[in-house]
Amino acid sequence: MDSKRILVVEDDRANRNAIGQLLRIAGYAVFAAANGREALDCLRRDPQCDLILLDMHMPVMSGQEFRAEQLEDPALSAIPVVVLTALDESAARSLTLGYVGYLQKPVDLEELLGVIAQHIEPGVPSEIACSKD
């Protein structure tokens with residue numbers, strides 16, 4: 001069985017590593033990016049991704065800027081996005097990003113796994129290098 005692949009887009013290295021480690025333990029293939037630009041570059045090299053966990057406030061390219069570009073790219077637009085943000089849900093929804101899930105930071109890890117499970121099933125643990133963590 002192939003691992004379901006999740007891209008974690010988070011500028012905070014500690015958060016990115018913690019989420020990545022949890023997801024690998026849960027059986028997902030994880031790759032990571034520190035900002036929206038890195039995430040787009042990674043996805044354009046290898047668009048095989050089942051879900052994106054997207055922070056909204058990042059340097060270089062924000063989550064909102066990433067999502068706008070993602071939606072314009074036919075090879076990437078169908079990948080579902082779960083927003084991870086300090087914004088409350090009504091503020092996040094006002095961004096009209098068309099995301100499938102929302103989690104407010106600090107993220108509850110059980111809730112995170114529940115939201116992910118609603119959209120994809122876990123596979124075999126593995127790691128995919130996209131950034132240097």
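Select helix 5 (residues 109–119), where Leu112, Val115 and Ile116 are buried, buried meaning under 20% relative accessible area, exposed over 50% and partly exposed in between, with a 1.4 Å probe and protein chains only. Seen down the axis of helix 5, these buried residues fall within an arc of 100°, so they line one face of the helix; the arc is that of the directions from the helix axis to the C-beta atoms. Helices (H or I, at least four residues) and strands (E, at least two) are DSSP runs numbered from the N terminus.

Before going further, keep in mind that this is a predicted model, in which local features need pLDDT of at least 70 and side-chain atom pairs count only at pLDDT 80 or more, while totals for chains, interfaces and linings use all residues. Residues are numbered from 1 along each chain as its sequence is written, and side-chain values use heavy atoms, with hydrogens and water left out.

**Around helix 5**

Stay with helix 5 and turn to the face directed away from its buried side, which carries the exposed residues Glu110 and Gln118. Then show what covers the buried residues of helix 5, which includes strand 1, helix 1 (13–25), strand 3, strand 4 and strand 5 (101–104). At the start of helix 5, select Asp108, one of whose side-chain oxygens reaches to within 3.3 Å of the backbone nitrogen of Glu110; a polar contact is a pair of N or O atoms within 3.5 Å, where within protein one must be able to donate a hydrogen and the other to accept it, and residues adjacent in sequence count only if both atoms are side-chain atoms.

Step back to Pro106, in the loop between strand 5 and helix 5. A cis peptide bond, with omega about -5°, joins Lys105 and Pro106. Most residues other than glycine have a negative phi, and most peptide bonds are trans.

**The whole chain**

Zoom out to the protein chain, which has five helices and six strands, running β-α-β-α-β-α-β-α-β-α-β from the N terminus on. Of its 133 residues, 46% count as buried.

**Strands 1 and 2**

Next select strand 1 and strand 2, which run parallel and are joined by five bridges; two strands pair if DSSP finds at least two bridges between them. To find one of these bridges, select Val8, whose partner in strand 2 is Ala32. Now colour strand 2 by burial: five of its five residues are buried. Ala29, Phe31 and Ala33 point one way from strand 2, whereas Val30 and Ala32 point the other way.

Asp12 counts as partly exposed, at 34% relative accessibility, and a polar atom of its side chain lies 2.8 Å from the backbone nitrogen of Asn15. The C-alpha atoms of Asp12 and Asn35, 23 residues apart along the chain, are separated by 9.5 Å.

**The cores**

Which residues touch the most other members of the largest nonpolar core? Of the 22 residues in this core, they are Leu7, Val9, Leu43, Cys49, Ile52, Leu54 and Phe66; a nonpolar core is a set of buried Ala, Val, Leu, Ile, Met, Phe, Trp, Tyr and Cys residues joined through side-chain atoms within 4.5 Å. The elements giving two or more residues to this core are strand 1 (5–9), strand 2 (29–33), helix 2 (36–45), strand 3 (51–55) and strand 4 (81–85), and helix 2 gives the most, with four residues.

Centre the view on Ile52, which, leaving aside its neighbours within four places in sequence, is in contact with Leu7, Val9, Leu43, Phe66, Gln70, Ile79, Pro80, Val81 and Val82, contact meaning heavy atoms within 4.5 Å. A second, separate core of 17 residues includes Ile19, Leu22, Leu53 and Val115.

Select Gly63, Phe66, Arg67 and Gln70, the buried residues of helix 3. They cover an arc of only 95° around the axis, which puts them on the same side of helix 3, and they pack against helix 2, strand 3 and strand 4. Gln64, found in helix 3 (residues 63–72), counts as partly exposed at 37% relative accessibility.

Finish at Val60, in the loop between strand 3 and helix 3. Val60 has a positive phi of about 70° although it is not a glycine, and it is exposed, with a relative accessible area of 68%.
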